[in-house]
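Biologist: I have a new structure open and would like to learn how to read it. Could you walk me through it, one feature at a time?

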Amino acid sequence: MSVVPDEGLEMSEARVWRKSSYSDGRGGNCVEVAELPCGAALRDSKHPAKGRLPFASSEWTAFLHSARDTRR
């Protein structure tokens, strides 16, 4: 897996990034997520211009199921 730089993104590629509801908003270590047409992407909220990690729909769905199962 490789980080995709945000530099040079086309305007059509602009995404709405959101933080976890568990983020306290005090500048802690957080990641942000954006939905993509074919999955999702994650980035470091403290360094958003450093790039993002894209995940295919199947990978993102598997991650979400795993995270939900772990919380039970």
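Biologist: Let me begin with the rings. Which residues do ring pairs link into a cluster?

Modeller: Keep in mind that this is a predicted model. Ring pairs link Phe55, Trp60 and Phe63 into a cluster. The count comes to two aromatic pairs. In one of them, the ring centres of Phe55 and Trp60 are 6.2 Å apart and their planes meet at 35°, so this pair is tilted.

Biologist: Are Phe55 and Trp60 buried or exposed?

Modeller: For this we look at relative accessible area, and buried means under 20%. Phe55 has 17%, so it is buried. Trp60 has 16%, so Trp60 is buried too.

Biologist: How should I think about nonpolar residues that are buried?

Modeller: The general idea is that in soluble globular proteins, nonpolar side chains tend to be buried together. Here the largest nonpolar core has five residues: Val33, Ala40, Leu42, Phe55 and Trp60. Trp60 touches Val33, Ala40, Leu42 and Phe55, leaving aside residues up to four places away in sequence.

Biologist: What share of the residues of the protein counts as buried?

Modeller: Of its 72 residues, 22% count as buried. As for the surface, the protein exposes about 5700 Å², and carbon and sulfur atoms supply 54% of that area.

Biologist: Let me step back to the overall layout. What pattern does the protein follow along the sequence?

Modeller: The pattern is β-β-β-β-α. In other words, the protein has four strands and one helix.

Biologist: And how do I read a sheet?

Modeller: Strands of a sheet pair through backbone hydrogen bonds, either parallel or antiparallel. In this model the four strands form an open sheet in the order S1-S2-S3-S4, with antiparallel pairing. Strand S1 (18-19) and strand S4 (53-56) stand at the edges with a single partner strand each, so one side of each has no neighbour in the sheet.

Biologist: How many bridges join S1 to S2?

Modeller: Two bridges join them, and S1 and S2 run antiparallel. You can follow the pairing residue by residue: Arg18 stands opposite Val33 in S2, and Lys19 stands opposite Glu32 in S2.

Biologist: How do S2 and S3 pair?

Modeller: They pair in the antiparallel sense over six bridges. A hairpin joins S2 to S3 through two residues.

Biologist: Which residue is found in the loop between strand S2 (31-36) and strand S3 (39-44)?

Modeller: One to look at there is Cys38. Cys38 has a relative accessible area of 53%, so it is exposed. Leaving out residues up to four places away in sequence, Cys38 touches Phe55, Ala56 and Ser57. Take Ser57 as an example of reading sequence against space: Cys38 and Ser57 are 19 residues apart in sequence, while their C-alpha atoms are 5.6 Å apart.

Biologist: Now for charged side chains. How many salt bridges does the count come to?

Modeller: The count comes to two salt bridges. In one, the side chains of Arg18 and Glu35 meet at 3.5 Å, N to O. Arg18 lies in strand S1 and Glu35 in strand S2, so this pair ties together parts that are 17 residues apart in sequence. Arg18 is partly exposed, with a relative accessible area of 45%, whereas Glu35 counts as exposed at 58%.

Biologist: Which side chain does Glu32 meet in a salt bridge?

Modeller: Glu32 meets Arg43, at 2.7 Å, N to O. This pair links distant parts of the chain, with Glu32 in strand S2 and Arg43 in strand S3, 11 residues apart. Glu32 and Arg43 are both buried.

Biologist: Thank you! I will go back to the picture and trace the ring cluster of Phe55, Trp60 and Phe63.

Technical notes: Residues are numbered from 1 along each chain as its sequence is written. This is a predicted model: local features need pLDDT of at least 70, side-chain atom pairs count only at pLDDT 80 or more; totals for chains, interfaces and linings use all residues. Side-chain values use heavy atoms; hydrogens and water are left out. Buried means under 20% relative accessible area, exposed over 50%, partly exposed in between (1.4 Å probe, protein chains only). Contact means heavy atoms within 4.5 Å. Two strands pair if DSSP finds at least two bridges between them. Rings of Phe, Tyr and Trp (its six-membered ring) pair if their centres lie within 6.5 Å; planes under 30 degrees apart count as stacked, over 60 as edge-to-face and the rest as tilted. Accessible areas come from the Shrake-Rupley method with a 1.4 Å probe; for residues, only the protein chains shown count as cover. A salt bridge is a side-chain nitrogen of Lys or Arg within 4 Å of a carboxyl oxygen of Asp or Glu. A nonpolar core is a set of buried Ala, Val, Leu, Ile, Met, Phe, Trp, Tyr and Cys residues joined through side-chain atoms within 4.5 Å.
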